Amino acid sequence: MKTTQQPAPATPRLPHAASANDPTVQPVPASVVEQVDAADVTLSNPKRAVISLGSNLGNRLETLQGAIDALEDTPGVRVKAVSPVYETEPWGVAADSQPSYFNAVVLIKTTLPPDSLLERGHAIEEAFERVRDERWGPRTIDVDILAYQDVVSDDPRLTLPHPRAHERAFVLVPWHDVDPEAEVPGRGAVAALLAAVGNEGVNHRADLELRLPE
Ligand code: ADP
Ligand code: MG
């Protein structure tokens, strides 16, 4: 179950002692039961967040899908949209010294506060046995929070929006795919930022596809 909160019953329930043949007891209509069940799987007052996923070790597509499924399996998180897969060359390292990256962006709705979402991202990285020994080293999975609602924070543990999102084509291209109207808080529209950096080196892998979890 992906429930974080139990909704209040739509109708007050009578104590069990009120027997089935008590004429004052009204059966709960099936439609009400359905509504309660539906509320049970709907997040209350969810916030929008945008997550970037990158993988350049192992089975990159499978790892990206695993991370998406792990996000969906998180209580208080719903994955709403998944971008196409892009292949990009790694940054900050000599050409051909590392495998290329597969990158994608997902939109989520969540009742988790930003720090809990970051913790969950780290847990997903650990689950895929990411080794943090080398800065910009190869990694099975990198989970970054690009934005959380309109929150702006310069806390180095969790900087929002992500401090380099606005200048990275491999982030802006898939972000624009899943949300063409998106804004990077404090930086402007994703579409305008993307027009400024261009999409060179970010190659759409039309032969690959990530699934939106059911
Ligand atoms: P990078 O993603 O820049 O390649 P890491 O994944 O190793 O590097 O992250 C380094 C640290 O960055 C993390 O321990 C995390 O606390 C911090 N961090 C700051 N802002 C964010 C953010 N928006 N999303 C993810 N991590 C962040
Ligand atoms: Mg990261």
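Modeller: What follows takes those terms one at a time, and the model is a predicted one.

Biologist: What makes a set of residues here count as the largest nonpolar core, and which residues have the most contacts inside it?

Modeller: A nonpolar core needs buried residues of the nonpolar kinds joined through C-beta atoms within 7 Å. The largest such set in this protein has 43 residues, with Ile51, Ala67, Leu71 and Val106 having the most contacts inside it. Among the elements that give two or more residues to this core are strand 1 (47–55), helix 2 (60–72) and helix 3 (114–127), while strand 4 gives the most, with seven residues.

Biologist: How do you know that Leu71 touches other residues, and which are they?

Modeller: Contact requires C-beta atoms that lie within 7 Å. Leaving aside residues up to four places away in sequence, Leu71 touches Ile51, Val77, Val79, Val106 and Ile108.

Biologist: Why are some residues said to surround ligand 1, and how many are there?

Modeller: A residue is near a molecule because its C-beta atom lies within 6 Å of that molecule. Ten residues surround ligand 1, and the closest are Asp144, Ile145, Arg157, Thr159 and His162. Strand 5 gives the most to this shell, with three residues.

Biologist: How does the shell around ligand 1 divide into nonpolar, polar and charged residues?

Modeller: The shell around ligand 1 holds four nonpolar, two polar and four charged residues.

Key
Residues are numbered from 1 along each chain as its sequence is written. Chains are lettered from A and ligands numbered from 1 in the order in which they are written. This is a predicted model: local features need pLDDT of at least 70, side-chain atom pairs count only at pLDDT 80 or more; totals for chains, interfaces and linings use all residues. A residue is buried if 20 or more other C-beta atoms lie within 10 Å of its own, exposed if 12 or fewer, and partly exposed in between; C-beta atoms are placed from the backbone. Helices (H or I, at least four residues) and strands (E, at least two) are DSSP runs, numbered from the N terminus. Two residues are in contact if their C-beta atoms, placed from the backbone, lie within 7 Å. Ala, Val, Leu, Ile, Met, Phe, Trp, Tyr, Cys and Pro count as nonpolar, Asp, Glu, Lys and Arg as charged, and the others, Gly among them, as polar.
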